[in-house]
Structures are given as structure tokens and as C-alpha cells.
Amino acid sequence: MNKLNEIKELADAPLWPGLAEQVPGKGNRLYVSATTIMDMLNTAFKNSWSVEYSQPWVEPFSGNKPVVTVKATIKVRTIDPETKEPITIVREGYGSETMKNGPDGAENVTKIASTDALKRAAYTFGIISEITRQKNPVAVKYFNYINSEWKPEMSF
């Protein structure tokens, strides 16, 4: 099986119950740890993926609190199924976090922004996309429809 099919299988796989946790104080926002994201990337791509992070940059934001932003670039090396040539699939994601006051301000904020960037880049492969779908019953119904062998008449 080639990596492109493995990406689709990973994106189509449902999350294990309880893998996504509620973020305290953030309503119904769900959270999956960066370690779990890396486990998913390792499962899908074995040792053929890598991630690079940009240097963090700081931008002014409303409320006089600066925002730290980081870009994560995930690269997956594979073979093109048609040409049999090596290719690299590249996905990017950006993560941001507002600077906090206190002793671990900049370092902790950069870590949070980097983790968020990794998750957003992984999301472009379909990893943890179920979290977003779970919030919308019609999106779940549509996803199940497009991934089923038998396509019944859809009604919304």
C-alpha cells in the first residue's frame, strides 16, 4: 500500500472514544495531545515523515498582549504510484498563543504555539479531522455517506 492510501485510511479512521478530551473552560472544544498526533503520524508514515518548525515570531495583538506564532512543516517521503518516482508531500500549519505574564511566559507560549502548529499541519492530512466533524451532525452523516460502499439516497 502506498503512503497516499495510508493517509486516506488514517483520515477515515474514527478516533477511539475518550482519545479527545474537553478543554477546561473552553466550552465543547476538544483536545488531542501532541504525543497522540505524533503516534498517529508514526502509525501512518513509519519513519518516512519529519517535521520542521520555524523560528517563533511575535506580532502585536489587541489588548496590548503580543502573540507568538510558529509554522510547522510536515514532510512525508513516498513513491508516486503512477510514475514510481520518489515524491515528498508537504503540509504546513500555523500555531499561535498569546503571551502570558510570568516566569515561564515566552518559552511556554512558544511550546504551545509549536504544538498547535503541528496539530494544524497534521490536520491537513485528515488526522484528527473527526474532532471538527463531531460538532456537526450533518458533517458526520456526510462523511459516513461518502465513505460507505452503499450510497443510499441522502436526506437532510
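## Contacts around Ile-74

Contact here means heavy atoms within 4.5 Å. The model is predicted. Start with Ile-74. Set aside its neighbours within four places in sequence, and Ile-74 is in contact with Leu-41, Trp-49, Ser-50, Val-51, Ile-89, Val-90, Arg-91, Leu-118, Ala-121, Ala-122 and Phe-125.

Ile-74 is also one of the residues that touch the most other members of the largest nonpolar core. Residues 24 or more positions apart account for 52% of them.

## Overall layout

The protein has five helices and six strands. From the N terminus on, the order is α-β-β-α-β-β-β-β-α-α-α.

Buried residues make up 32% of the 156 residues.

## The largest nonpolar core

In soluble globular proteins, nonpolar side chains tend to be buried together. The largest nonpolar core in this model holds 17 residues. Ile-37, Leu-41, Phe-45, Ile-74, Val-76, Phe-125 and Ile-127 touch the most other members.

Which elements give two or more residues to this core? They are helix 2 (34-45), strand 5 (67-79) and helix 3 (105-123). Helix 2 gives the most, with six residues.

## Strands 5 and 6

Strand 5 and strand 6 run antiparallel and are joined by 13 bridges. Val-76, named above among the core residues, has Ile-89 in strand 6 as its bridge partner.

The two strands form a hairpin with six residues between them. Lys-84 lies in that loop. Its phi is positive, at about 65 degrees, although Lys-84 is not a glycine. Lys-84 is exposed, with a relative accessible area of 59%.

A positive phi also occurs at Lys-46, again a residue other than glycine. Here phi is near 50 degrees. Lys-46 lies in the loop between helix 2 and strand 3.

## Salt bridges

Side chains of opposite charge can pair when their charged atoms come close. The structure holds three salt bridges. One of them joins the side chains of Glu-52 and Lys-75, at 3.7 Å from N to O. Glu-52 lies in strand 3 (residues 49-53) and Lys-75 in strand 5, so this pair ties together parts that are 23 residues apart in sequence. Both ends are partly exposed: Glu-52 at 44% relative accessibility and Lys-75 at 27%.

Another salt bridge links Glu-92 and Lys-71, at 3.4 Å from N to O. Glu-92 belongs to strand 6 and Lys-71 to strand 5, so the pair ties together parts 21 residues apart in sequence. Glu-92 is partly exposed, with a relative accessible area of 39%. Lys-71 is partly exposed too, at 23%.

Arg-120 and Asp-116 also form a salt bridge, with the closest N and O atoms 3.1 Å apart. How many residues apart are Arg-120 and Asp-116 in helix 3? They are four residues apart, so about one helical turn separates them. Is Asp-116 buried or exposed? Asp-116 is buried because its relative accessible area is 18%, and the cut-off for buried is under 20%. Arg-120, at 45% relative accessibility, counts as partly exposed.

## Aromatic pairs

A pair of aromatic rings is described by the distance of the centres and the angle of the planes. A search of the whole structure finds two aromatic pairs. One of them is formed by Trp-57 and Tyr-94. The centres are 6.3 Å apart, and the planes stand at 75 degrees. The pair counts as edge-to-face, because the angle is over 60 degrees.

Trp-57 lies in strand 4 (residues 57-59) and Tyr-94 in strand 6 (residues 86-98), so the pair ties together parts that are 37 residues apart in sequence. Trp-57 is partly exposed, with a relative accessible area of 32%. Tyr-94 is also partly exposed, at 42%.

Methods
Residues are numbered from 1 along each chain as its sequence is written. This is a predicted model: local features need pLDDT of at least 70, side-chain atom pairs count only at pLDDT 80 or more; totals for chains, interfaces and linings use all residues. Side-chain values use heavy atoms; hydrogens and water are left out. Rings of Phe, Tyr and Trp (its six-membered ring) pair if their centres lie within 6.5 Å; planes under 30 degrees apart count as stacked, over 60 as edge-to-face and the rest as tilted. Buried means under 20% relative accessible area, exposed over 50%, partly exposed in between (1.4 Å probe, protein chains only). A nonpolar core is a set of buried Ala, Val, Leu, Ile, Met, Phe, Trp, Tyr and Cys residues joined through side-chain atoms within 4.5 Å. Two strands pair if DSSP finds at least two bridges between them. A salt bridge is a side-chain nitrogen of Lys or Arg within 4 Å of a carboxyl oxygen of Asp or Glu.
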